[in-house]
Amino acid sequence: MSSKILIIGACGQIGTELTTKLRKIHGVDNVIASDINTRKLDLVNSGPFEIIDAKNFNAIKDCCKNHNIDTVYLMAALLSATGEKYPMEAWDLNMNSLFHVLNLAKGGTIKKIFWPSSIAVFGPTTPRENTPQHTICEPTTVYGITKQVGERWCEYYYNKYDVDVRSIRYPGIISHKAMPGGGTTDYAVEIYHEAIKNKTYECFLSENTSLPMLFMDDAIKATVDVMEAPSEQLTIRSAYNLAAMSFTPQQIFESIKKQLPEFSITYKPDFRQAIADSWPSSIDDSVARKDWNWQESYNLEAMTVEMLTQLKKKYKS
């Protein structure tokens, strides 16, 4: 039997598109998608699929053994805004799922892990402009705490047990295929949908809140690239800084308005504003660029054209 890939949380915003990409690269039958339910039937029906609760160690272990899994992408998590509403559930899911996968690698069941971190590891004491790879991390959200602690455990398992675990600190991710899952940067996805559907949008962040962002195609590319990089080239085993662009709600509004002149926006900041204010406005990802040649393909204008083009097709069908 050839070795195979397991994606845990495959029905999420990133997991959905990551599954498609990895199946194109490795073949449909070599990529096992899994999630706690079958809410995305198109993904469920597109190839091998298992129902797995990421908190269930035995379920993950059995799946890995039954399918001869070599590599695990652990994409299941409760995100920032949702985590503030359900803090203990966020801690339970985000931490225990990571331990399960790390321990499977420690025990030799699997050989390689991808675990996503986030700019949520940073906090109000972190330098906000060009946030460096190594810096103060004092997160103020449950999600951020789980990611900070997770980074430390990933590095520990690499140093102590030689577990090949790789990670990226994702910024906000923007996609036209999957709806966001409860994050503070969700406005940057919602705004495109509302521009097409209703020609107006009420933003839950203030107009000048600048945050690092990444188009989904680039997020998937970075994930694949860091996993395919030779182990000896990687100098970071906590999580790599990653970014492509930074913009404010006003700037994304203006880029959309160039394509849709009738589009309007209003601002009504909610509890997510305090979360956004604790995060960097721009990221220094020079270490990722040096170690594994990270390079984005999309800036704000290119992303806006692609998002509106694809969503127009979606809402016409």
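Contact here means heavy atoms within 4.5 Å. I noted that the residues of this contact of α7 with α12 divide into 8 nonpolar, 2 polar and 3 charged. In this grouping Ala, Val, Leu, Ile, Met, Phe, Trp, Tyr, Cys and Pro count as nonpolar, Asp, Glu, Lys and Arg as charged, and the others, Gly among them, as polar.

I recorded that the model is predicted, that local features need pLDDT of at least 70 and side-chain atom pairs pLDDT 80 or more, while totals for chains, interfaces and linings use all residues. Residues are numbered from 1 along each chain as its sequence is written, and side-chain values use heavy atoms, with hydrogens and water left out.

**Entry: geometry of the helix pairs**

Two packed helices are described by the angle between their axes and the distance between the axes. I found that the axes of α7 (residues 187-197) and α12 (residues 300-316) come within 10 Å and cross at roughly 50 degrees. Axes are lines fitted to C-alpha atoms, for helices over the stretch in contact, and angles run from 0 to 180 degrees between N-to-C directions. The helices α7 and α12 are therefore oblique to each other. Angles under 35 degrees count as roughly parallel, over 145 as roughly antiparallel, 65 to 115 as roughly perpendicular and the rest as oblique. The crossing of α7 and α12 is right-handed; that is, the near helix is turned clockwise from the far one by less than a right angle.

I then turned to α9 (residues 249-259), which packs with α7 at an angle of about 30 degrees, the axes being 11 Å apart. That makes α7 roughly parallel to α9. On the α7 side the contact is made by Y187, A188, I191, Y192 and A195, and on the α9 side by P249, I252, F253, S255 and I256. I noted that these residues of the contact of α7 with α9 divide into 9 nonpolar, 1 polar and no charged.

**Entry: the sheets**

I traced an open sheet of 6 strands in the order β3-β2-β1-β4-β5-β7, with parallel pairing. Helices (H or I, at least four residues) and strands (E, at least two) are DSSP runs, numbered from the N terminus, and two strands pair if DSSP finds at least two bridges between them. The edge strands are β3 (49-51) and β7 (164-166), each pairing on one side only. Between β1 (residues 4-8) and β2 (residues 31-35) I found 4 bridges in the parallel sense; the bridge partner of I7 in β2 is A33. Helix α1 (residues 13-26) lies across β1, β2 and β4 (69-74) and runs at about 165 degrees to β2.

I also found an open sheet of 3 strands, parallel in pairing, in the order β6-β8-β12. Its edge strands are β6 and β12 (240-241). Strands β6 and β8 (residues 168-170) are joined by 2 bridges, and R169 in β8 is the bridge partner of S117.

**Entry: P127**

I located P127 in the loop between β6 (117-118) and α6 (142-161). P127 counts as partly exposed because its relative accessibility is 36%; buried means under 20% relative accessible area, exposed over 50%, and partly exposed in between (1.4 Å probe, protein chains only). P127 and W279 are 152 residues apart in sequence, yet 9.1 Å apart in space, C-alpha to C-alpha.
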